[in-house]
Amino acid sequence: MKIAIVGFGRMGKQIMQLAKDEGHEIVAVVDPWSPSPLVTGLDLASGALSNKADVIIDFSNPASVEEHINYYAREGIPAVIGTTGWYDRLPEVEAFLSAYPECSLIYSSNFSVGVALYRQVVAYAAKLFGNLGTYDVSLHESHHMEKKDSPSGTALLLGQTLLDNFKGKDSLVTERLDRKREQGEIHVSSTRGGWDPGTHTVTFDSPFDTVELIHRARTREGFAKGALVAAEWIIEKKGLYTLDDLVASLVEENTTE
């Protein structure tokens with residue numbers, strides 16, 4: 001594949017290295033803030049992406065991601081969107097994309113295939129524990145000291161999964177609690193420190209025992225690998241997809257072989 005990278009932070013650099021290792025070609029790197037000499041353009045227009053790339057992998061800034069997505073749709077460039085912190089604007093994005101049915105876009109707060117499978121396990125467990133009536137549920141995530149958002153996009157996605165499946169829960173609380181937590185709330189807590197690439201822990205707790213489901217990322221390479229798998233997959237698709245769609249496709253493909 002000929003790949004353009006938009007956003008050249010830690011993830012962008014990891015994706016570049018892994019893509020080269022796998023024999024892909026990096027044809028453009030766009031980032032308005034990175035001092036790296038590998039950057040070929042400060043914005044999408046100067047990067048001339050439509051003339052070079054088979055697919056774009058975007059791990060940029062939530063403030064500009066809506067503009068980026070609209071650009072990819074208008075230009076007809078398949079894109080993988082790994083940027084987080086913009087899902088409150090998803091309805092507006094979907095409304096814009098409805099005018100471009102030929103667009104090819106896949107987005108996720110976390111492109112680890114393991115996280116996608118973990119979320120399915122969490123959904124199933126939440127139904128089991130939520131229906132018993134004796135268990136409560138909470139969610140904690142930790143990341144490295146340089147992560148810019150809190151809680152993580154993955155934690156919010158897991159939190160919504162719990163809301164959808166754990167009986168009696170109707171809202172997430174992500175801020176510091178200086179009060180009693182309400183029965184229908186799920187507290188999502190966060191820690192920032194060190195070099196942790198990402199740990200998410202869902203806890204089901206009763207007066208008698210505790211059950212924890214943990215996903216612990218070892219390196220960012222798993223996220224980069226998932227983004228490259230998504231890039232190969234989205235080139236052949238039309239429409240707006242999530243990582244769940246990709247994982248479902250992979251599971252079905254491997255099940256029928």
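α4 (113–132), α5 and α7 (243–256) each supply two or more, that is at least two, residues of the second largest pocket's lining. This is a predicted model in which local features need pLDDT of at least 70 and side-chain atom pairs count only at pLDDT 80 or more, while totals for chains, interfaces and linings use all residues. Residues are numbered from 1 along each chain as its sequence is written, and side-chain values use heavy atoms, with hydrogens and water left out.

Biologist: Which element gives the most to the lining of the second largest pocket?

Modeller: A pocket here is an open set of points on a 1 Å grid over the protein atoms alone, where a 1.4 Å probe fits, with protein on both sides within 12 Å along at least five of seven lines, and lining residues have an atom within 4 Å of a point. Helices are DSSP runs (H or I, at least four residues), numbered from the N terminus. With four residues, the element that gives the most to this lining is α5.

Biologist: What is the volume of the largest pocket?

Modeller: Grid points are joined across faces, edges and corners, and a volume is the space filled by probe spheres set on the points. For the largest pocket that volume is about 1,200 Å³.

Biologist: Of the residues that line the largest pocket, which are the closest to its centre?

Modeller: The lining of the largest pocket holds 49 residues. Those closest to the centre of the largest pocket are M11, F59, S60, N61 and K148.
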